[in-house]
Amino acid sequence: MVGNGGDEQDAVTAFGRRPLLAVDAKGYGGVDVETQRQFQQAIVGLLDSAAAKAGLDRAAWETQEGGDSLFAVLPADTSEPALVDDFMRALDASLRAFNFNLGKGRRPWLRLRAAVHFGAVGLGANGFVGRAPVETGRILDCAPLRAALDEAPYACLAVAVSSTVFHDVVEEAYTTIPPQEFRRVGVQEKEHQGEAWIWVPGAEIRQVDLGPAKKDPAPGHTPGAGPSVGNLHSGEGSAIVVGNGGSASVTNGAGGVPSPGPESAGERP
């Protein structure tokens, strides 16, 4: 990330406290090359579109890309409520429109995990440095967020915000998303232990079965048929335990009727 001849020490302190965004596609490694190419192109376009609709300066983001993933450091004056609320709502809507067209051919859907944090970050010789970027990555990769998409197979987006963002932005009512639509989970990834708050647009995250993680619907599952609802848990502070096997269940707050959703894209990335 540091240009040739640049002063690396200065680069490390080039940033201060910034909003941080990380996204990653589910099931990317299980699709064919052409679909991967479509997904990569779509991710770039969908992020650009969502940023424009949310009034965010996409061109000013400092990013680190990885095919099906992106880590971005946003300008210091970025509206965190707009990032959590307007941007994520626009991204979810755009994903649904994109997947609707893919669904006509029963192709795997593009489904994203996203993590939002706020903290100190700098530039090193090969990427971003600091505790905040590491924590953002751990939240993005954590088992609870992966399980949230596993358990909501008709959702296109699962968002996790750090405790800082939840308490300062969501809980203080700076967004139109009620705090009750988030669920607190434990995050234990590598050396990091903490918590995050998960929101899945279109799913009642506190009523989704967040027991042992289940696999996606098997190939041949009819979109719209929907899984049954079982073992509802609504306790705040519950951590998601990840295991193997079983079937998925989800409700969406509209009488427990699932929305039409994707075919399986294979195991989680």
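A: Here is a walk through the charged pairs, one at a time.

This is a predicted model, in which local features need pLDDT of at least 70 and side-chain atom pairs count only at pLDDT 80 or more, while totals for chains, interfaces and linings use all residues. Residues are numbered from 1 along each chain as its sequence is written, and side-chain values use heavy atoms, with hydrogens and water left out.

Let's start with the rule: a salt bridge is a side-chain nitrogen of Lys or Arg within 4 Å of a carboxyl oxygen of Asp or Glu. By this rule the count comes to 8 salt bridges.

One of them joins lysine 26 to aspartate 150, with 2.8 Å between the closest N and O atoms. Lysine 26 sits in the loop between β1 and α2 (33-54), and aspartate 150 belongs to helix α5 (residues 143-151), so this pair ties together parts that are 124 residues apart in sequence. Helices (H or I, at least four residues) and strands (E, at least two) are DSSP runs, numbered from the N terminus. Lysine 26 is buried at a relative accessible area of 6%, and aspartate 150 is buried at 4%. Here buried means under 20% relative accessible area, exposed over 50%, and partly exposed in between (1.4 Å probe, protein chains only).

Next, look at helix α3 (residues 80-103), where arginine 96 and aspartate 92 are 4 residues apart, about one helical turn. Their closest N and O atoms are 3.2 Å apart, and they form a salt bridge. Arginine 96 is partly exposed at 29% relative accessibility, whereas aspartate 92 is buried at 8%.

Another salt bridge runs between aspartate 141 and arginine 113, whose closest N and O atoms are 3.5 Å apart. This pair links distant parts of the chain, with aspartate 141 in helix α4 (residues 131-141) and arginine 113 in strand β4 (residues 112-120), 28 residues apart. Aspartate 141 is partly exposed at 33%, but arginine 113 is buried at 1%. Both belong to a network of salt bridges that links Asp24, Arg113, Asp141 and Arg146.

Arginine 18, in strand β1 (residues 17-25), is buried yet has no salt bridge; the nearest side chain of opposite charge, glutamate 62, is 7.0 Å away. For that charge count, Lys and Arg are positive and Asp and Glu negative, with His and the chain ends not counted. Leaving aside residues up to four places away in sequence, arginine 18 touches several residues, including Val73, Pro75, His117 and Phe118, where contact means heavy atoms within 4.5 Å.
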